[in-house]
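User: Hi, I'm new to reading protein models and would like to go through one with you. Could we take it step by step?

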Amino acid sequence: MEEVLSSRQREIVDKAIALIAEKGIQNLTIKNLAQKMGFSEPAIYRHFPGKTEILLAIIELFEEKRSQSMDQNLATSSFSESLKHLLSKHIQLFAKNPTYATVIFSEELFMNEPELLQKMQSIMNHNEGIILNLIEKNQQKGDIRKDIDKHSLALIIMGGMRLIVKRWVLSCFASELTKDVNNFRKTIVKLCKEEK
């Protein structure tokens with residue numbers, strides 16, 4: 001994370017995540033959070049200026065967990081195996097922490113909050129860079145077609161994953177996330193396969 005959270009800040013963030021999981025992101029208010037923690041609203045404000053900063057801390061925690069699980073050298077194996085590794089790491093993180101998916105894919109939160117919007121754009125740019133690098137290296141190796149625009153393919157991969165996870169969130173985590181992602185990956189690999 002950009003700044004290390006104090007133990008009290010981490011406690012507040014954990015309770016915010018629990019509140020979102022129980023009652024939905026729309027019910028994350030300072031008042032509700034203070035009630036959940038059993039102390040006054042001013043006590044929350046002593047640790048965070050407002051709800052935006054709490055959400056930023058949640059997003060940064062997600063990004064920290066995501067970056068710990070990612071391997072930047074994905075192109076050392078086949079495109080199929082590298083893509084499987086990349087997507088499965090993301091899915092495992094969401095499956096273990098569904099609340100992160102709820103926060104990350106709540107676009108309405110970010111539209112009027114420049115700090116949240118900037119943070120999400122930074123994460124998207126970083127993820128796009130990893131995928132572009134993966135595509136480029138596998139095109140150079142001849143593992144996938146060279147006539148596919150790497151930026152368009154990265155957009156398809158990122159957009160497809162976003163839709164699959166969003167559908168999982170909207171189904172109250174009932175859809176088969178792992179199966180859907182596996183089928184999506186196999187389809188991408190088939191479409192990109194270099195004809196021999």
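User: How many residues does the protein chain have, and what percentage of them count as buried?
Analyst: This is a predicted model, so local features need pLDDT of at least 70 and side-chain atom pairs count only at pLDDT 80 or more, while totals for chains, interfaces and linings use all residues. Residues are numbered from 1 along each chain as its sequence is written, and side-chain values use heavy atoms, with hydrogens and water left out. Buried means under 20% relative accessible area, exposed means over 50%, and partly exposed is in between (1.4 Å probe, protein chains only). With those cut-offs, the chain has 196 residues and the buried share is 43%.

User: What pattern does the protein chain follow along the sequence?
Analyst: Helices (H or I, at least four residues) and strands (E, at least two) are DSSP runs, numbered from the N terminus. The chain has ten helices and zero strands. Reading along the sequence, you get α-α-α-α-α-α-α-α-α-α.

User: Among contacts between residues at least 6 apart in sequence, what percentage join residues at least 24 apart?
Analyst: Contact means heavy atoms within 4.5 Å. Take the contacts in the protein chain between residues at least 6 apart in sequence; the share joining residues at least 24 apart is 67%.

User: Are helix 8 and helix 9 parallel or oblique to each other?
Analyst: Axes are lines fitted to C-alpha atoms, for helices over the stretch in contact, and angles run from 0 to 180 degrees between N-to-C directions. The axes of helix 8 (residues 114-141) and helix 9 (residues 150-170) come within 9 Å and cross at roughly 125°. Angles under 35 degrees count as roughly parallel, over 145 as roughly antiparallel, 65 to 115 as roughly perpendicular and the rest as oblique. Helix 8 and helix 9 are therefore oblique.

User: Which residues of helix 9 make the contact with helix 8?
Analyst: On the helix 8 side, the contact includes Met124, Ile131 and Gln139. Helix 9 brings Lys150, His151, Leu153, Ala154, Ile157 and Met158.

User: How many residues of that contact of helix 8 with helix 9 are nonpolar?
Analyst: Ala, Val, Leu, Ile, Met, Phe, Trp, Tyr, Cys and Pro count as nonpolar, Asp, Glu, Lys and Arg as charged, and the others, Gly among them, as polar. Three residues of this contact are polar and three are charged, and the nonpolar ones number eight.

User: How is helix 1 oriented to helix 2: roughly parallel or roughly perpendicular?
Analyst: The axes of helix 1 (residues 7-23) and helix 2 (residues 30-37) come within 10 Å and cross at roughly 105°. That makes helix 1, relative to helix 2, roughly perpendicular.

User: Leaving aside neighbours within four places in sequence, which residues is Ile156 in contact with?
Analyst: Ile156 is in helix 9 and counts as partly exposed, at 48% relative accessibility. Leaving aside neighbours within four places, its contacts are Phe184 and Ile188.

User: Is Cys172 buried or exposed?
Analyst: Cys172 lies in the loop between helix 9 and helix 10 (177-192). Its phi is near 60°, a positive value in a residue other than glycine. At 63% relative accessibility, Cys172 counts as exposed.
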